[in-house]
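I opened my notebook to look up a few residues and helices, one entry at a time. Here is what I wrote down.

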Amino acid sequence: SPARPRCSAPMSAMAVKSSSEIYWFYPNLTGYARVILSFWSFAVYDNAPLFFGLYVASFLMDALDGHLARKFNQCSRFGAVLDMVTDRFSTAILCVILSHLWTDYVVYFMYLIVLDIVSHWFRMYSTLLLGSTSHKAVSTDVPYLLYIYYNNRIVLGLFCLGNELFYVFLYLYYFFPAMLPSDLWAPLLPLDAFGPMFLVAIYVNAPIFAIKQLINLIQMAISCNDIVRWDFENTYQRAT
């Protein structure tokens, strides 16, 4: 998901009087709303218009929590984890739904779920192990693709959006395989020449989707290297 903007300064001790108040930070309340919308969309996945509205609303709210965190200076580790966990289970369940619809590709969806979860788990664990403030904080010695992905909010947002839209358009194409742009709005008639709108949208987002999977692989490899290097330096090198 798009990076949650960092707070300009930490919350003062007087501003937050107990740990339970963090649960009620505005960005975290937005996170709870995202969870509710996602769960609701899963329950109605066979109703394409309703599922689409709920799922996309949850995804778009991912940008809102970052804005609220910055505006009200309410960044928190809990909020960052909630944000990532919601992203992971939402995409995973969407892949499960797609595997139910597109049964010929069920194995591919399995692999995509594993890659998404494992790469982010390794990244989060290596971040905690190395004492970094955020899993999005990467140094310049990583591959350039991973560096620009995490350090350029526009690039990060583009790849997250394109990746998610690829899945969403696969879902919509199953239910509306012949829908043309003019079916949605008559003035779009000239665009009908390109073919079914959701199929075209799949092709448009496919390159972004593919690069996003490559980024996940790079992220996983870099994180594994960070962890084994920590093992060596803090366990085995000290023993010699």
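**Entry 1: a serine.** I began with Ser119, which lies in helix α4 (residues 106–130); helices here are DSSP runs of H or I with at least four residues, numbered from the N terminus. I kept in mind that this is a predicted model, where local features need pLDDT of at least 70, side-chain atom pairs count only at pLDDT 80 or more, and totals for chains, interfaces and linings use all residues. Residues are numbered from 1 along each chain as its sequence is written, and side-chain values use heavy atoms, with hydrogens and water left out.

Is Ser119 buried or exposed? Ser119 counts as buried, because its relative accessibility is 0%; buried means under 20% relative accessible area, exposed over 50%, and partly exposed in between, with a 1.4 Å probe and protein chains only.

I then looked up its partners. A polar atom of the Ser119 side chain lies 2.9 Å from the backbone oxygen of Leu115. The side chains of Ser119 and His120 make a polar contact at 3.4 Å (a pair of N or O atoms within 3.5 Å; within protein, one must be able to donate a hydrogen and the other to accept it, and residues adjacent in sequence count only if both atoms are side-chain atoms). Leaving out residues up to four places away in sequence, Ser119 touches Val114, Asn216, Gln219 and Met220, where contact means heavy atoms within 4.5 Å.

**Entry 2: salt bridges.** How many salt bridges does a search of the whole structure find? I noted five, each a side-chain nitrogen of Lys or Arg within 4 Å of a carboxyl oxygen of Asp or Glu.

One of them joins Asp83 and Arg34, with the closest N and O atoms 3.2 Å apart. Asp83 lies in helix α3 (residues 77–101) and Arg34 in helix α1 (residues 26–43), so this pair ties together parts that are 49 residues apart in sequence. Both Asp83 and Arg34 are buried.

Another joins Asp116 and Arg88, and their closest N and O atoms are 2.8 Å apart. Asp116 is in helix α4 and Arg88 in helix α3, so the pair links parts 28 residues apart in sequence. Asp116 and Arg88 are buried too.

I also found Arg229 with Asp226, at 2.6 Å between the closest N and O atoms. They sit three residues apart in helix α8 (residues 197–239), which means about one helical turn separates them. Arg229 is partly exposed, with a relative accessible area of 41%, whereas Asp226 counts as buried at 10%.

Key:
Helices (H or I, at least four residues) and strands (E, at least two) are DSSP runs, numbered from the N terminus.
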